[in-house]
Amino acid sequence: MADSPASFFVPTLDIDLAWHTHQLMAGEYKNDCATLVGKYVDHDDKVEEGHLATAFDVTCRVWQDRYGVPYMHCGWPLPGDTIGQKLR
């Protein structure tokens with residue numbers, strides 16, 4: 001986010017959980033945003049599904065380019081996926 005301030009990145013479910021948890025410590029969250037990103041990062045959960053899908057694809061590509069590893073879901077199924085579907 002610090003290197004691409006105009007971009008809209010989408011967290012994986014595990015990152016989103018950590019992000020929500022971090023916000024519970026409002027003072028630390030504000031300070032960490034300023035230190036790591038250079039501005040306060042508003043976490044807006046009300047984003048249109050189409051925009052989320054496109055932005056998630058961009059996030060995956062940027063992550064792969066920067067870190068050289070796939071943007072993983074850390075074992076958490078995507079919304080709509082069931083354990084049965086994953087096992088097939």
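How many aromatic pairs does a search of the whole structure find? I got 4. For a pair, the rings of Phe, Tyr or Trp (its six-membered ring) need centres within 6.5 Å; planes under 30 degrees apart are stacked, over 60 edge-to-face, and the rest tilted.

**Ground rules.** I'm working on a predicted model, so local features need pLDDT of at least 70 and side-chain atom pairs pLDDT 80 or more, while totals for chains, interfaces and linings use all residues. Residues are numbered from 1 along each chain as its sequence is written, and side-chain values use heavy atoms, with hydrogens and water left out.

**Layout.** I looked up the elements next, where helices (H or I, at least four residues) and strands (E, at least two) are DSSP runs numbered from the N terminus.

**First ring pair.** I went to Tyr-29 and Tyr-40. Their ring centres are 5.5 Å apart and the planes sit at 90°, so I wrote down edge-to-face. Tyr-29 belongs to helix α2 (residues 26-36), while Tyr-40 is in the loop between α2 and α3 (49-67). The two are 11 residues apart, and the pair links distant parts of the chain.

Is Tyr-29 buried or exposed? It is buried, at a relative accessible area of 4%. My cut-offs: buried is under 20% relative accessible area, exposed is over 50%, and partly exposed is in between (1.4 Å probe, protein chains only).

Trp-63 and Tyr-71 make a tilted pair, with 4.9 Å centre to centre and 55° between the planes. Trp-63 is partly exposed at 30%, whereas Tyr-71 counts as buried at 10%. I also noted that ring pairs link Phe-56, Trp-63, Tyr-67 and Tyr-71 into a cluster.

Arg-66 is in helix α3 and Asp-3 in the segment before α1 (13-23), 63 residues apart. Both residues are exposed.

**Whole chain.** Of the 88 residues, 16% are buried. I also checked contacts (heavy atoms within 4.5 Å). Among those with a separation of 6 or more, 57% come from residues 24 or more positions apart.
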